[in-house]
Amino acid sequence: MKLYTIIIIALSLLLFSCSDVVSTDESISVEQNLNTDSLAIENKEIQNMELIDERDDHTLSNYDEVSSRHLHLDIEVKFDTKTIVGSVTHTIENLTGSDHVIFDTKALNISKVELNDGKEAQFKMGEVDELLGTPLVVSIDENTTKVTIYYETTEKTEALDWLIPSQTAGKEQPFMYTQGQSIFTRSWIPLQGTVALRITYSAKVKVPKNLMAVMSASNPVHKNDEGIYEFNMPQPIPCYLLALAVGDLEFAPIDQRTGVYTEPSMLASCVYELGDMGTMVNEAEKLYGAYQWERFDVIVLPPSFPFGGMENPRLTFATPTIIAGDRSLVSLIAHELAHSWSGNLVTNSSWNDFWLNEGFTVYFERRIMEAIYGKDYTDMLALLGYQDLLETLETATPDMQRLKLQLKSQHPDDGMTDIAYEKGYFFLRLLEEQVGRDNFDAFLMEYFDSHKFQTITTEKFLVYLNEKLIVPRNIDLNIEEWVYEPGLPENCPKVVSKNFNAVDANMVQFYETNDISKLIDTDKWSTHEWLHFIRNLKAETTVEQMTMLDDAFHFTQSGNSEIAAIWFQRSINIGYDKIDKELKAFLMKIGRRKFLMPLYTALAATPEGKEKAIAIFKEARPNYHYVSYNSINQLLGVNF
Ligand SMILES: [Zn+2]
């Protein structure tokens, strides 16, 4: 499809002179409904919005001239050389009669390119771009429908994490997994690395005989004797969702359509922890329509995985740090599941629109959590999210505080902040409060259905929102401020958590009396209450008070990664150094960037802390995925 431009005339956003804010559908009369179109057109203050499908800044491919529609991988995963070797065959559609197709590659060795039935093709590598990689330009003619590229990954391949046996739970077999989001897939497969395209894929993957391969596709449930696995992904996806993991894996079902893959020694605890997954899918469907991806399985990876979870379709990749023993951290699974609608089904059309993926997903995640665990529980999650957002707003530059970003020449990962997640969430929550939950749910259900398997820009979403929700209700809302301005608008919804209020009252008592026994009912506190408590420890808390708390509640030894991480962070801030041994062990083992960045940042706040941080990082670096160690290199100003 050609890039196209749609000019929307006299439609969009903002500012009706009408001052009534109508909050529920019931209060809208038929007459008002009939008048809204003319109201919209007449209103001089409505800005004309130019809807351009901007070209994706994060690809060097000519996807808008020649588009890859399907790819087939035929590869071998070689642990001895830590490389993937093989070929990818693209089925292409030549939209403009171009005589060449351009693919994105990064740090790949390309040995040969063939067209259609094996005819060798002319190709050349273009100029290297440090951020985006090296374009692979292949000559084609009007009859070319297939392009096969023979290639090999290198040690500079950013998507792959190769783990030696000691870095796994079982300690006997190696492990490898990929991380595609945001622009890493091109570093293990030559392809058109844009979110603007959706492709289907199939794959044949050879691995060592005692290991199993799984992908974001139809998956095996048993190892086979040959070590050869075949995959099919019939639903079109953006290429950042192409994913592969290889290891000593076993599968256990949770219900008919959900299940867990992980190393054998972790299987039982994972099955227990993720026992609500089937219910989550059912509740999600009740909210926003049928699950479109057939199965929803989760693979729990070794601890180096840089994210909490990655929403690879059919097979969410998850960190083992959610395995707390009490199901207290499973909102992460609700989050990845929600991506099956927002992100995977309706996808941001460039990384500038990332909030469309994440803000919607956080909103949906909290609705799933509310349906299963109730409102009090979800209020705690929302308030923790709000606190995260305030922290981010303190440090983010104004440009990075907008929902709609401009990331040209920047790594898309720079936009993966709480602005997209939490500011996005609170914007949607505001909309819900303005129009009423039933109306907002009906709107979202229709939004997902009418945009499924498509990409969408912020501007198109806003026009859709305006048309379906805002204009029909004559709502006066500062949407442009929310989307295009830095900071948090004054009408941000207020979250009150009665559970947290009780924690706060306890804290006041504790600080006033310096008496640990004033912390009452703590045996009833959930992980979230503890997180709130620790996060809000005052800066002037003394080392004696920290010792008192640690002796009573054993935070330093906590097996709950969220609690341990926030406790370590506050301890560093406050100067409580009895955590040092456990902090180092945590940083050596866990590769999840969400934990690493605040801890290294807290350490780096003083010269001696920074020295300590660099020493630990130097040692821990082999245990981190590129995504994590690249961020820490930048943070600490080193290059390990
Ligand atoms: Zn997400």
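Start at Asp521: with 10 C-beta neighbours inside 10 Å, Asp521 counts as exposed. Keep in mind that this is a predicted model. Asp521 sits in the loop between helix 11 and helix 12. Check its backbone: phi of Asp521 is near 60 degrees, a positive value in a residue other than glycine.

Now select residues 498-513. This is helix 11, with 16 residues. From first C-alpha to last, helix 11 reaches 23 Å, close to the 22 Å expected at 1.5 Å a residue.

Which residues of helix 11 are buried? Colour Phe500, Val503 and Phe510. They lie on the same side of helix 11, because they cover an arc of only 70 degrees around the axis. Show residues 375-395 and 527-535 next: the buried residues of helix 11 pack against helix 6 and helix 12 there.

Turn the view to the face directed away from the buried side. Exposed residues on that face of helix 11 include Lys498, Asn501 and Ala505. Val508, Glu512 and Thr513 are also among them.

Step just past helix 11 to Asn514. Its phi is positive, about 55 degrees.

Jump to Asn116, in the loop between strand 6 (108-115) and strand 7 (119-120). Asn116 is not a glycine, yet it has a positive phi of about 35 degrees. Is Asn116 buried or partly exposed? Asn116 is partly exposed, with 14 other C-beta atoms within 10 Å.

Last stop: select Gln181 and Ser182. The peptide bond from Gln181 to Ser182 is cis, and its omega is near 5 degrees. Ser182 belongs to the loop between strand 12 (175-178) and strand 13 (199-206).

Terms used: Residues numbered from 1 in each chain as written. Predicted model: local features only at pLDDT ≥ 70, side-chain atom pairs only at ≥ 80, totals over all residues. Helix = DSSP H or I, 4+ residues; strand = E, 2+ residues; numbered from the N terminus. Expected span 1.5 Å × (residues − 1). Buried ≥ 20, exposed ≤ 12 C-beta atoms within 10 Å, placed from the backbone. Arc of directions from axis to C-beta. Contact = placed C-beta atoms within 7 Å.
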